[in-house]
Amino acid sequence: MTAPLLVAEGITKRYGHVTALAGADLDVRAGEVCALVGDNGAGKSTLVKILSGVEVPDGGRIALGGRDVAFAGPLDAQAAGIATVYQDLALAPELTAAANLFLGREVLRPGLLGRLGFVDRAAMRTTATDRFAELGITLRSADVPISSLSGGQRQSVAIARAATWADKVIFLDEPTAALGVVQTQRVLELVREVADRGLGVVLITHDMTHVCEVADRAHVLRLGRRVATLTGDQITVTGLVTAMTSGRTEEATS
């Protein structure tokens with residue numbers, strides 16, 4: 001078994017008198033889809049924010065690639081190889097799919113024009129087209145504005161952007177929320193494709209059937225702690241719900 005890319009141990013976080021995380025643990029390996037599940041208030045969002053550099057933990061340890069890290073902000077996490085795709089996607093609707101892939105990382109034209117700040121749109125378009133094709137993302141064109149795409153296509157562009165710039169771990173926060181059946185299936189296939197390319201993918205979702213479909217492992221949070229890690233045949237809707245509600249696995253309750 002390979003060593004984890006990302007390890008979080010004993011993570012704590014309090015907001016005043018409210019304890020959001022009470023010693024939470026998480027580990028993610030390269031090439032796997034790792035689901036993070038739990039009821040509302042279990043601490044999923046807080047843990048993701050900490051591992052994405054948005055929040056600073058009160059205690060605990062985070063290691064990335066075998067080395068302890070501390071993120072002062074999201075840019076630190078991004079520089080370390082972590083990307084997060086939130087439900088709002090953070091896409092620019094008036095820009096093209098290609099431009100969104102390079103948003104904040106625009107390629108400049110060579111020579112004097114580049115030094116003057118002119119963007120090389122042709123180079124970005126070519127790279128984006130190749131990247132979308134590699135991941136099996138079908139768009140009419142990389143030049144179409146994001147606002148003209150379906151919800152599933154927008155989600156795919158956001159995931160592609162994360163997979164392009166992260167080289168270790170991607171967090172996906174409810175990537176199939178508000179999508180239709182066909183669009184949901186395509187996004188789940190893309191999640192699997194990204195993991196198969198060697199990244200660690202953390203899927204945060206309330207849909208247990210999606211966890212059963214694509215997750216290699218499932219970490220269950222309850223009251224700010226990890227109470228179970230399910231693998232293989234353990235990952236069933238019943239098994240997940242049992243762990244979420246009781247803090248125990250099916251085997252422990254049988």
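Buried, as used here, means under 20% relative accessible area, exposed means over 50%, and partly exposed lies in between (1.4 Å probe, protein chains only). The model is predicted, so local features need pLDDT of at least 70 and side-chain atom pairs count only at pLDDT 80 or more, while totals for chains, interfaces and linings use all residues. Residues are numbered from 1 along each chain as its sequence is written, and side-chain values use heavy atoms, with hydrogens and water left out.

Helices (H or I, at least four residues) and strands (E, at least two) are DSSP runs, numbered from the N terminus. Helix 9, residues 237-246, illustrates burial: Gly239, Leu240, Thr242, Ala243 and Met244 are buried in this helix. After helix 9 comes Gly247, which has a positive phi, near 80°.

The interior may be considered next. In soluble globular proteins, nonpolar side chains tend to be buried together. A nonpolar core is defined as a set of buried Ala, Val, Leu, Ile, Met, Phe, Trp, Tyr and Cys residues joined through side-chain atoms within 4.5 Å. The largest such core in this model has 39 residues, and Phe132, Val157, Ile170 and Val194 are those with the most contacts inside it. Two or more residues of this core come from each of strand 6 (82-85), helix 3 (97-101), helix 5 (121-134), helix 6 (151-165), strand 7 (169-173), helix 7 (181-196) and strand 8 (200-204). Apart from it lies another core, of 25 residues, which includes Ile11, Leu47, Ile204 and Leu221.

Leaving aside residues up to four places away in sequence, Phe132 touches Ala97, Leu101, Ile137, Leu139, Ala142, Val157 and Ala160.

Asp27 is found in strand 2 (residues 18-28) and is buried, with a relative accessible area of 12%. Not counting residues up to four places away in sequence, Asp27 touches Pro4, Leu6, Val7, Glu32, Cys34, Arg217, His219 and Arg226.

Salt bridges are counted when a side-chain nitrogen of Lys or Arg is within 4 Å of a carboxyl oxygen of Asp or Glu. The whole structure contains 14 salt bridges. Asp27 takes part in a network of them that links Asp27, Arg29, Glu32, Arg217 and Arg226.

Further pairs join separate parts of the chain. Arg61 and Glu9 form a salt bridge, with the closest N and O atoms 3.1 Å apart. Arg61 lies in strand 4 (residues 59-64) and Glu9 in strand 1 (residues 6-15), so this pair ties together parts that are 52 residues apart in sequence. Both are partly exposed, Arg61 at 32% relative accessibility and Glu9 at 39%. Lys13 forms a salt bridge with Glu55, the closest N and O atoms being 4.0 Å apart. Because Lys13 lies in strand 1 and Glu55 in the loop between helix 1 (44-51) and strand 4, the pair connects parts that are 42 residues apart in sequence. Lys13 is buried, at 10% relative accessibility. A salt bridge of 3.1 Å, N to O, also joins the side chains of Arg192 and Asp216. Arg192 belongs to helix 7 and Asp216 to the loop between helix 8 (208-214) and strand 9 (217-222), so the pair ties together parts that are 24 residues apart in sequence. Arg192 is partly exposed at 22% relative accessibility, as is Asp216 at 31%.

The cysteines remain to be described. A disulfide is a pair of cysteine sulfur atoms within 2.5 Å, and a search of the whole structure finds zero of them. The sulfur of Cys34 is 14 Å from the closest cysteine sulfur, in Cys212, which is too far for a bond. Cys34 is buried, with a relative accessible area of 0%, whereas Cys212 is partly exposed at 31%.

How values were computed. Contact means heavy atoms within 4.5 Å.
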